[in-house]
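My notes follow in the order I checked things.

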Amino acid sequence: MMNRVAITQIGLCTPLGQEPQQVLDRLVAGDISAMQMSDVLLFGQSTLVGSVTIELPTVPPKFAQFDCRNNQLLLCAAQQIAETIEQAKQEFGTTRIGVVLGTSTSGISKGEAALAYRNQHGHFPADYHYFQQELGSTSDFLRQYFQLDGPCYTISTACSSSAKVFASARRLLSADLCDMVIVGGVDSLCQLTVNGFNALESVSKGHCNPFSINRDGINIGEGAALFTLTLGESDIMLAGIGESSDAYHISAPQPEGAGAISAMQAALKDANITAPEIGYINLHGTATPKNDAMESRAIMEIFGTNTPPCSSTKPLVGHTLGAAGAIEAAFCYLLLSAHNHRQALPPHCWDGQADPQNPPIALVTSHQVAASGTLNYVMSNSFAFGGSNASLIFCRKEA
């Protein structure tokens, strides 16, 4: 097993809130009220999305080339880890702190607005810079904002983007290229992704309904989550990482879950634990017909008929795409943290009508708590387009 990685701080900007206790409370209550109808994203119709509704921080004028909603979401999360970063700069130096973020939208919504302006006025607005929507601008903005000089890059592998950043960060730490790495993900709502998924017939007509026989697609969401990672010990640890790339199809998963199975097996091996030690699984659970069928088969293959408690949290915040891996990792972190004194689990919000074509898995019910009384290991799955898969395992320090 490679070095386990310590998680020393997190920052949140999600539809469920920004304060850890608030987010956890709404998470384990199964609060779906953050999902709201939008009339401005899906052409010609309304759609349910998970949006961040607080007033976001303003990007400082000296970073005008980065000024977009995506980076405002990122800045909201970044401000919560600022003190930790400043301490790390004093301890390690600016060249020893890296930044690895995942995204799939970057500031595309800024580009959409700029194109609409250009169609009306014949030129782009003065405040538009292409860099605002370039994928690398997210990590570069954070690097410049914190005045860092270490490795800095963005990962964009669709819905596994900000799960795979944890693997990249551990490699930087293990190779002694960094003493701390800031990882996470951010995505913002935009017309391109909503209408793109709708063109694939993958957007739900109502509230997403993962693992139900009545499931008909996703709801899209937005948000950001950041973590500071170091080698060493902390209350919550990154215990295992598994990655795979089955490249089965550009958008459809391998039907029997071969890539997902490989990623979960690798994560368990990396954490040096057995499948029964997992106390909870945060499912990828998109509520699309093919993904849920594949994931249920993969879970059954790894865990057998006695699966751990599982749930998809996407009915609460939407599918945040490039940010999903990080936001759902943050949910797992909160479940393991001292904030979760009841050892509560996030309920699986659906209509309760299981698909008889899929193997049954143990979906979490309302008010359910950890079976053993204490959560020690939790798994978070992210299975993306193109067969880019990642499975993460987090644990308490004493586990």
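In which helix is Asp270 found? I am working from a predicted model. I find Asp270 in helix α8, residues 258–271.

**Asp270.** I looked up its accessibility next. Asp270 has a relative accessible area of 11%, which is under the 20% cut-off, so I log Asp270 as buried. I then checked its side chain for partners. The Asp270 side chain makes a polar contact with the side chain of Arg170, at 2.7 Å.

**Strand β4.** I moved to β4, residues 97–102. I count 6 of its 6 residues as buried, so the strand is largely enclosed by the rest of the structure. I wanted to see both faces, because side chains in a regular strand alternate between the two faces of the sheet. On one side I find Ile97, Val99 and Leu101, and on the other Gly98, Val100 and Gly102; all are buried.

**Neighbours of β4.** I checked the pairing. β4 runs parallel to β6 (residues 180–187), with 6 bridges between them. Here Gly102 stands opposite Gly185. β4 also runs parallel to β5 (residues 152–155), joined by 4 bridges. In that pair I see Val100 opposite Tyr153.

**Val183.** I picked this residue in β6. Val183 is buried, at 0% relative accessibility. Leaving out residues up to four places away in sequence, I list the contacts of Val183. Among them are Val100 and Leu101, then Val165, Phe166 and Ala169, and also Ala225, Leu226 and Phe227.

How values were computed:
Residues are numbered from 1 along each chain as its sequence is written. This is a predicted model: local features need pLDDT of at least 70, side-chain atom pairs count only at pLDDT 80 or more; totals for chains, interfaces and linings use all residues. Side-chain values use heavy atoms; hydrogens and water are left out. Buried means under 20% relative accessible area, exposed over 50%, partly exposed in between (1.4 Å probe, protein chains only). Helices (H or I, at least four residues) and strands (E, at least two) are DSSP runs, numbered from the N terminus. Two strands pair if DSSP finds at least two bridges between them. A polar contact is a pair of N or O atoms within 3.5 Å; within protein, one must be able to donate a hydrogen and the other to accept it, and residues adjacent in sequence count only if both atoms are side-chain atoms. Contact means heavy atoms within 4.5 Å.
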